[in-house]
Amino acid sequence: QSSKEFKDFMNNVFVAANHQIQNANNEEITIGESGIRLKHWLQNEGRYDPCQAWIVHNTLCFTTDNWNTVSLALGHIKVGNDYFYGLAADAILGRILLSEQLYISNSSGTYTVDKNGMIAKNVSYQVKINPNTPSDIFSISIDNKKLLYVDANNKKLKFEGDIESKSGHIASFVISEKTLVSGNVGMSSDTTRGAKAFWAGHTTPSSAPFWVDNTGKLHASNIEVTGGSIKVGNNFVVDNQGNMTAKNGKFTGTISGSSITGSSINIGDKFIVDNQGNMIAKSGTFSGKITGSTINIGNKFIVDQNGNLTAKSGTFSGTVEGGFIDGGSISIGNGIFEVDSDGSITMGDFLISADGTNVFKSKNNEFRIELTKNLGDNKFYSSIYMDTIH
């Protein structure tokens, strides 16, 4: 459409010029030392048209105000301090313009085409295109600092600032108004509380094995951590040697390790090891060697750190060896041999008293040996009593 409008515009210009030629009259040409002048006499007004032409000193000039000013100069013209053969006019119309350099200036800025490329500039802002420098083939600058430029050598677009887009592609990522997605990986700017902000492993964020929502909550169904350490506050730490420190926790399954170091262990209040190493167990089976300072079972069975055993009651089998037995009583064979808490001994039907009155007697008291102290010499004398002698 724009090409047709320009073509129509050019045709109208040519038609108007041709009409002037076809209807020319009262045209005057004056040739003299001052050059060649071309004027048109306005018969009805009795004066010359102020629009005239003048050829002088290798220059063709035109005026619209009877030579108060020149509107067009063609030929040997002065530009700055130099002279060139060229054309200076208010308007240049044509279908093809061939030139090595171009300079355009208006209220929007200046536009130049020269050996440095094509540059559009207005005060601080500049746009430049230069195919001769492929590493900086296109650039936009502010105060001579590049904000955006294209490096054709390395196929890079470099930009400093914000990029805003509601659609498009970045490599295999697809841009939409709120998401950036590539296959099973994506991110979202949805501000709804709990919406998935990042995900991987599935095209549907809520079905992905890994996601982080916009509140910071992380979900991962398969994690592999190699090297380094893990620290959750100061409550759960795994160092780079694999040592775990936890203030509190619940474990299921099998726990295997050479040692457990910490303040205490409590399993259902049935198995407890306190921070001093003391163990309390409601029931259990132990094999191997148990080494420790003391054993105390409900204050009824105690072994102190010297190996002394105290028991309120008990059953022993095999051989019992020791230096002495202190406290309580001893019963062997359901009363056949007994030592009571006073030290008195019962052997079958006979009793050995520990109080010194009846040293030895039968249970029915038919036979006894007694010790009597003589107050005169302060000595003990024995007496034997028998109810019947056979």
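**Whole chain.** Begin with the entire chain selected, bearing in mind that the model is predicted. Its secondary structure consists of one helix and 37 strands. Of the 390 residues in the chain, 12% are buried. The accessible surface amounts to about 31600 Å², with carbon and sulfur atoms contributing 53% of that area. Among contacts with a separation of 6 or more, 3% are between residues 24 or more positions apart.

**The sheet of strands 28, 29 and 30.** Next, select residues 295-297, 301-303 and 309-311, which are strand 28, strand 29 and strand 30 respectively. These three strands make up an open sheet with antiparallel pairing, arranged in the order 28-29-30. Strands 28 and 30 lie at the edges, each pairing on one side only. From one strand to the next, the twist averages 5°. In general, the strands of a sheet pair through backbone hydrogen bonds.

Which residue of strand 29 is the bridge partner of N296? Selecting I302 displays that partner.

**Residue T112.** Finally, move to residues 109-114, which form strand 9, and pick out T112 within this strand. Is T112 buried or exposed? The residue has a relative accessibility of 17% and therefore counts as buried, since the cut-off for that class is under 20%.

Notes. Residues are numbered from 1 along each chain as its sequence is written. This is a predicted model: local features need pLDDT of at least 70, side-chain atom pairs count only at pLDDT 80 or more; totals for chains, interfaces and linings use all residues. Side-chain values use heavy atoms; hydrogens and water are left out. Helices (H or I, at least four residues) and strands (E, at least two) are DSSP runs, numbered from the N terminus. Buried means under 20% relative accessible area, exposed over 50%, partly exposed in between (1.4 Å probe, protein chains only). Contact means heavy atoms within 4.5 Å. Accessible areas come from the Shrake-Rupley method with a 1.4 Å probe; for residues, only the protein chains shown count as cover. Two strands pair if DSSP finds at least two bridges between them. Axes are lines fitted to C-alpha atoms, for helices over the stretch in contact, and angles run from 0 to 180 degrees between N-to-C directions.
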